[in-house]
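This report walks through a two-chain model, from the overall build of each chain to its contacts and a few individual residues. Please keep the sequence and the structure in view while reading.

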Amino acid sequence: MNDQQNNVSPDNDDIGEETRLRLYRSQLEIRQLENRAHDMFLENLVKGTSHLAVGQEAIAAAFGVAMDSEDYTFCTYRGHAHTLARGASMTGVLGELMGRQCGLLGGKGGSMHLTDVEHGVMGSYAIIGAHLPIAMGAAWSAQYRGTSQVTVCFFGDGTTTIGAFHEALNMAAVWKLPIVFVCENNLYMEYTPIGEVVPVEHPAADRASAYGLESIIVDGNDADAVYRIAQKAIKLARDGGGPSLIEAKTYRHYGHSRADPGTYRPPEEVEAWLARDPIPSYRARLAEFGIGEEVIEAMETEVDAAVDEATETAKASPIPSVDIIDKDVWADGGCAWRN
Amino acid sequence: MAKLTYREAVAAGIAQEMRRDENVVLIGEDVAAAGGVFKATVGLLDEFGPKRVRDTPIAEQAILGAAMGAAMTGMRPIAEIMFSDFLAVCWDIVANQIAKTRYMTNGQFEIPLVIRTANGGGSRFGAQHSQSVENWAMAIPGLKVVAPSTPADVKGLLAAAVRDPDPVIFFEHKALYATKGEVPDGEYVDELGKAKVLRQGSDVTIVALALMVPRALKAAELLESEHGISATVVDVRSLVPLDTQTIFAEVEKTGRLYTVEENPRLCGWGAEISSLVAEELFYDLDGPIVRITTPHIPLPAADNLEDATIPSVEKIVQTIRETAG
Ligand SMILES: Cc1ncc(C[n+]2csc(CCOP(=O)(O)OP(=O)(O)O)c2C)c(N)n1
Ligand SMILES: [Mg+2]
């Protein structure tokens, strides 16, 4: 399954117009909302930190479209994209970044912990690797309960070096769990190039054989290519065929987090990847498949309007009441540790 | 009532809950076919089969991650960490993930899981297989912490832990597995957050946990018969939630508080109880609060060294004789 061919012949369209438009829309929503978050950070309206996935949208979008509504997503602090791609509200995402009552977590979690159980977003985790075993547990639960739910777990290239990666992959493979592990290889951990800290070229794919899994590498900047691989891996998992490990090659346009200008990256490298921006190229593909410019423009206008509206709604939302500070440590809604 | 060992009571408690609720499952290293390295899960594989009683690889993060992911999605897993010392290799999953996720997500999840683990010394295993780490767990907001001292409490509190909607760390004491006691037949469920007064006295109140409970009881007998000191003994049983009301009531009656703790001295559970009593019961005290603990050292292995380290009956008697009155 290595290096998926791009299927750009309009005569052989396995994806179809409706799905392509969904893929484009999802990428666009993520891009526009992330850029808005970036701007609002500069205005001091988005607080704390944020890890944008601008440049990496195709992966989250493709899986979001390929997954069923009952499926589970587990992602990282760079998870605004995966959260939006499952249908979480833009207001809920922006509101959480801004520390407002309308936030997905009511202001308790912040940018790095976006969660929306209603949409299958089972959490964004900020300790490297921790969510791989937890996602594996959700997959075990689906297998045990006999549902057809598939779990998709996203993480970065840097995450392949921590022990939890190995523990989770091994147990998922031994137990044949319905889970898809997706490594978004953006070539850097925080500031260190991944090539300096792993002894293999493909940090995830080259290790797949250790778990008896196929080595899968996909162009993470091509939503169609990711979508095809996603469908295949999700089907395998749903049919009881066990886990997959997919390495998607991509690049982040901004630095690691809001505090990082990303100056450690060679300008030629940045330029080359900006030229491979997944969104303009996907727009061009829509045209190749005969989708009219007016349809595309109308969608772009709609997405812009939705982001503007979410921004205004989030800005108008009150800050959280301090009454929630001592709520929900326990399932009874409280935080009592003594009588 | 049947007489069961502490280890049989573990299996009895798990079996009771597994019969009641098919979402209760057990995972851990060697828990299924081998029945556990302490033989506390013998018979469960036979009764419930390999789907519900599952051996895992040596992967503590995967064991607890699996339990958490399952608990978030409708199951009620019981996960065994063979020795409590090993919690250190999966502490992220315990302290950052299991404990915090409900709060961080504004209550979007319940995480009803039980982590069972063999805690404590007395087996000459050396410092990496003998620690009492209940105070580690107690320091983390979002975890309930239970440590039974008798077979009956094992069964009843384990059942309560499984039924509790929050994560519970259940510390079984290695040196108690072979002890025997009456355990109620049939369905038996206790309550988390309730201390038990095991002996009523008038001079001092001794508050103890797990292996320290039988030692405190023995010490109380000797104090009474040989030194004329009458001691109350309270088994704390549950560190979180903490039954301060029962403890306070007993300290008020005697005016003296002694804690007997197996955890090393600094930030041991008795420090929290001492501070609560000092803050809220100061004027009822007739003398200083005294903590009897393992010294602040890693545990040594040789018989005489380990025995000289963990609070013994003699140490409890001697300390109370020297400071009471
Ligand atoms: C256990 C742990 N160690 C270190 C960090 C600090 N940290 C945050 S993000 C990051 C880089 C992760 O790189 P990668 O997995 O490639 O993900 P990316 O940020 O590139 O999406 C590091 C080291 C952390 N959050 N958790
Ligand atoms: Mg990376």
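The model is a predicted one.

## Overall build of chain B

On that basis, chain B holds twelve helices and 14 strands. Its radius of gyration is 19 Å, close to the 20 Å that the globule rule gives for 325 residues, so chain B is as compact as a globular protein of that length. Taken along the principal axes, the C-alpha atoms of chain B fill a box of roughly 60 × 40 × 40 Å.

Buried residues account for 58% of the 325 residues in chain B. When contacts in chain B between residues at least 6 apart in sequence are considered, 79% of them join residues that are at least 24 apart.

## Overall build of chain A

Chain A has ten helices and six strands. The radius of gyration of chain A is 20 Å, close to the 20 Å that the globule rule gives for 339 residues, so this chain is as compact as a globular protein of that length. The C-alpha trace of chain A spans about 65 × 50 × 40 Å along its principal axes.

Of the 339 residues of chain A, 54% count as buried, and among contacts in this chain between residues at least 6 apart in sequence, 74% join residues at least 24 apart. A clear case of burial is helix H2 of chain A, residues 57-66, in which ten of the ten residues are buried. Among them are Ile59(A), Ala62(A) and Phe63(A), together with Glu57(A) and Gly64(A).

In soluble globular proteins, nonpolar side chains tend to be buried together. In this model the largest nonpolar core comprises 202 residues, of which Ala62(A), Met136(A), Val182(A) and Val226(A) touch the most other members. The core also draws at least three residues from each of domain 1 (2-183) and domain 2 (196-323) of chain B.

Which residues does Val182(A) contact, leaving aside its neighbours within four places in sequence? Its partners are Ile59(A), Phe63(A), Val152(A), Cys153(A), Phe154(A), Ile246(A) and Ala248(A).

Chain B is divided into domain 1, covering 2-183, and domain 2, covering 196-323. The C-alpha centres of these two domains of chain B lie 26 Å apart, and the contact between them takes 28 residues from domain 1 and 23 residues from domain 2.

On the domain 1 side, the elements of chain B that give two or more residues are helix H6 (134-138), strand S6 (144-146), helix H7 (151-163) and strand S7 (168-173). The residues on this side of domain 1 divide into 14 nonpolar, ten polar and four charged.

## The contact between the chains

The contact between the chains takes 42 residues from chain B and 36 residues from chain A. On the side of chain B, two or more residues come from each of helix H3 (60-71), helix H4 (91-98), helix H5 (101-104) and helix H9 (244-254). H3(B) gives the most to this side, with eight residues. By class, the residues of chain B that form this side are 19 nonpolar, 17 polar and six charged.

Beyond its neighbours within four places in sequence, Ala219(B) is in contact with Val313(B), Ile316(B) and Val317(B). The C-alpha atoms of Ala219(B) and Val317(B) are 5.4 Å apart in space, although the two residues are 98 residues apart in sequence.

Arg265(B), by contrast, lies in the loop between strand S13 (257-264) and helix H10 (269-280) of chain B. Arg265(B) is partly exposed, because it has 16 other C-beta atoms within 10 Å, between the limits of 12 and 20. Arg265(B) and Thr293(B) are 28 residues apart along the chain, with their C-alpha atoms separated by 5.6 Å.

## Around ligand 1

Among the 14 residues around ligand 1, Ile128(A), Gly156(A), Gly158(A), Thr159(A) and Met189(A) come nearest. The shell around ligand 1 has six nonpolar, five polar and three charged residues.

Technical notes: Residues numbered from 1 in each chain as written. Chains lettered and ligands numbered in written order. Predicted model: local features only at pLDDT ≥ 70, side-chain atom pairs only at ≥ 80, totals over all residues. Helix = DSSP H or I, 4+ residues; strand = E, 2+ residues; numbered from the N terminus. Rg over C-alpha atoms; globule rule 2.2 N^0.38 Å. Contact = placed C-beta atoms within 7 Å. Core = buried A, V, L, I, M, F, W, Y, C linked by C-beta atoms within 7 Å. Domains from an automatic or database assignment. Nonpolar A, V, L, I, M, F, W, Y, C, P; charged D, E, K, R; others polar. Near = placed C-beta within 6 Å.
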